[in-house]
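This report describes one protein model, from the whole chain down to single residues. Look over the sequence and the structure before reading on.

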Amino acid sequence: LVANGSLYMATTEEGVVRVDQEGTHNIIPATATSLSHDGEQLWIAAGAEGLLNEAGSRIDGTKALPKTNIWSVAAQNSSLWVGTEDGLYQWTPKEDRLWQHPRALWPADRAILDLYSNEGGVILADERGLTILDSPHPHAAKLQRMAKERVIEIIETLPLLCAAAIA
């Protein structure tokens, strides 16, 4: 992740590492599985440690995320998409509003291993492949299933998106 002129890396051994002109810095020692920046703050998906902010504090609020592994996070406008062991959540930090996407309506009831978001929607990587949600809304009417094998990471390369899959 590149933000504020620095490169941020999520690692399982060293936590969150920042590389800038002054060198390499370990900024948060927690295991990190995914990073996102919303223009104001760095967000860290930290597995069993939950969702962390840039200061390394676990996010707990009146509508806190469930106590489950958090594998991925992606900022979109004023919300965060959060991929957990139990499915997909959308959280609006400023309003402390949390919404879990309905399990019965589409395949977001399983571990979301990676997320990618842009103005057009959200792409989810999970054990069964790649799912594109074109226009995020409660009923997921524009759901598209792409890959049909386990996808662990989505990588943005201009002008394409690539998915790293393992059999």
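Of the 167 residues in this predicted model, 43% are buried. The accessible surface comes to about 8,800 Å², and carbon and sulfur atoms account for 50% of that area. The secondary structure consists of 17 strands and zero helices.

Strands of a sheet pair through backbone hydrogen bonds, in either a parallel or an antiparallel way. S72 has G83 of β9 as its bridge partner.

**Nonpolar cores**

The largest nonpolar core has 12 residues in all: W43, A45, L51, I59, L65, I70, V73, A75, L80, V82, Y89 and W91. At least two of its residues come from each of β6 (42–45), β8, β9 and β10 (87–92). Which strand gives the most to this core? That strand is β8, with three residues. There is also a second, separate core of 11 residues, and A3, V16, L42 and L52 are among them.

| Residue | Loop | Relative accessible area |
|---|---|---|
| N53 | between β7 and β8 | 15% |
| N69 | between β7 and β8 | 23% |
| N77 | between β8 and β9 | 73% |

Is N53 buried or exposed? N53 counts as buried because its relative accessible area of 15% is under the 20% cut-off. The loop that holds N53 runs between β7 (51–52) and β8 (70–76). A polar atom of the N53 side chain lies 3.1 Å from the backbone nitrogen of A55. The backbone nitrogen of S57 is 3.0 Å from a polar atom of the N53 side chain. Not counting residues up to four places away in sequence, N53 touches I28, Q41, L42, W43, I44 and I59. Of these, W43 and I59 belong to the largest nonpolar core, while L42 belongs to the second one.

N69 is also in the loop between β7 and β8. At 23% relative accessibility, N69 is partly exposed. Its C-alpha atom is 6.2 Å from that of G50, although N69 and G50 are 19 residues apart in sequence. Leaving aside neighbours within four places, N69 is in contact with G47, A48, G83, T84 and E85. One of these residues, A48, has its backbone nitrogen 3.1 Å from a polar atom of the N69 side chain. Another of them, G83, is the bridge partner of S72.

N77 is found in the loop between β8 and β9. N77 counts as exposed because its relative accessible area of 73% is over the 50% cut-off. Most residues other than glycine have a negative phi. N77 is not a glycine, yet its phi is positive, at about 55°.

Notes
Residues numbered from 1 in each chain as written. Predicted model: local features only at pLDDT ≥ 70, side-chain atom pairs only at ≥ 80, totals over all residues. Heavy atoms only, no water. Helix = DSSP H or I, 4+ residues; strand = E, 2+ residues; numbered from the N terminus. Buried < 20%, exposed > 50% of the residue type's maximum accessible area, 1.4 Å probe, protein only. Polar contact = N/O pair within 3.5 Å; in protein donor to acceptor, adjacent residues only side chain to side chain. Contact = heavy atoms within 4.5 Å. Areas by Shrake-Rupley, 256 points an atom, 1.4 Å probe, with all protein chains shown as cover. Pairing = 2+ DSSP bridges. Core = buried A, V, L, I, M, F, W, Y, C linked by side-chain atoms within 4.5 Å.
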